[in-house]
Amino acid sequence: MKTWTVDDVMTRAVVSVDQGSSYRDIVDLLIENRFSAVPVVDAFGRVTGVVSESDLIRKIEYAGDEEPRFFEGRRRRGERRKALARSVADLMSAPPVVVRSGTSIAAAARLMDHESIKRLPVIDELGRLAGIVTRGDLLRTHVRPDDDILADIETGVLRPYLVDDAAEVTVAVVNGAVTLAGRVDRWSSAEIAERLTRQVPGVVTVTSTLEYGFDDHRAGGTRLGMGIA
């Protein structure tokens, strides 16, 4: 079964900036292109940071109030320093949160959620910028045609993992909702079919009414006439 990675959904033609770019350069770039952030690269194309609207807005937030206050935390002091920054090197968030080319979209989604970010630069094995992936890009897997999803289930799940039972299983896909029906020999086959189907990109829900003849998840197993729903 094909595992979708960030390479399948990322934007490859990425706008980036170097560390010497000015504050105004970045503001103009973000507004002109309707970006919320851009990656920062060095002379070798390696990602060294990310500068975002939240970094830029510090100059507005702390306008006229640039002096640190007593007992102010490290984070607030860092934000206040960005208010005085004139170049990307002083503005950017570093080290950047990135993903390697080949990272699964599930892993990328977990990282975005954990870091509370909306985009991830994608780098190659040398740390060079290869693309950028956003939350919206990851959601593109859920607008796949039903026929494509059905084909993936049949060729990537049923045929390789249910070799003897594939012909006895019927699959229906409607707007990403999958229904599995039919009969397989063992409980484990029904469980594998449902679990792997849930992992197919574009699948929203899975309803399984597969029946099985042998309950092999219990010690010793039991012959049954009906299966699981």
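R195 is partly exposed, with a relative accessible area of 39%. In this predicted model, the side chain of R195 forms a salt bridge with that of E191, with an N to O distance of 3.0 Å. Both residues belong to helix 10 (residues 187-198), where they are four residues apart, about one turn of the helix. E191 is likewise partly exposed, at a relative accessible area of 26%.

## Other salt bridges

The count of salt bridges comes to nine. One of them joins D124 and R128, whose closest N and O atoms are 2.7 Å apart. D124 counts as buried because its relative accessibility is 14%, under the 20% limit for that class. R128, at 34% relative accessibility, counts as partly exposed.

Another salt bridge links the side chains of R144 and D152 at 2.9 Å, N to O. Here R144 is buried, with a relative accessible area of 14%, whereas D152 is partly exposed at 23% relative accessibility.

R119 lies in strand 5 (residues 119-123). This residue is buried but has no salt bridge. The nearest side chain of opposite charge is that of E53, 6.6 Å away, while a salt bridge requires the side-chain nitrogen and carboxyl oxygen to be within 4 Å.

The side chain of R119 does have a polar contact of 2.5 Å with the side chain of S36. When neighbours within four places in sequence are left aside, the residues in contact with R119 are S36, A37, M112, I132, V133 and T134.

Three strands make up an open sheet of mixed pairing, in the order 1-2-3. Strand 1 (17-18) and strand 3 (47-52) are at the edges; each has a single partner strand, so one side of each is left without a neighbour in the sheet.

Strand 2 (residues 37-41) pairs with strand 3 in the antiparallel sense, over five bridges. V38 has V51 in strand 3 as its bridge partner.

## Confidence of the prediction

The mean pLDDT of the protein is 87, and 86% of its residues reach 70 or more. Confidence is highest in strand 4 (residues 99-100), at 97, and lowest in helix 5 (residues 74-83), at a mean of 65.

Key
Residues are numbered from 1 along each chain as its sequence is written. This is a predicted model: local features need pLDDT of at least 70, side-chain atom pairs count only at pLDDT 80 or more; totals for chains, interfaces and linings use all residues. Side-chain values use heavy atoms; hydrogens and water are left out. Helices (H or I, at least four residues) and strands (E, at least two) are DSSP runs, numbered from the N terminus. Buried means under 20% relative accessible area, exposed over 50%, partly exposed in between (1.4 Å probe, protein chains only). Lys and Arg count as positive and Asp and Glu as negative; His and the chain ends are not counted. A polar contact is a pair of N or O atoms within 3.5 Å; within protein, one must be able to donate a hydrogen and the other to accept it, and residues adjacent in sequence count only if both atoms are side-chain atoms. Contact means heavy atoms within 4.5 Å. pLDDT is the predictor's confidence in each residue, from 0 to 100. Two strands pair if DSSP finds at least two bridges between them.
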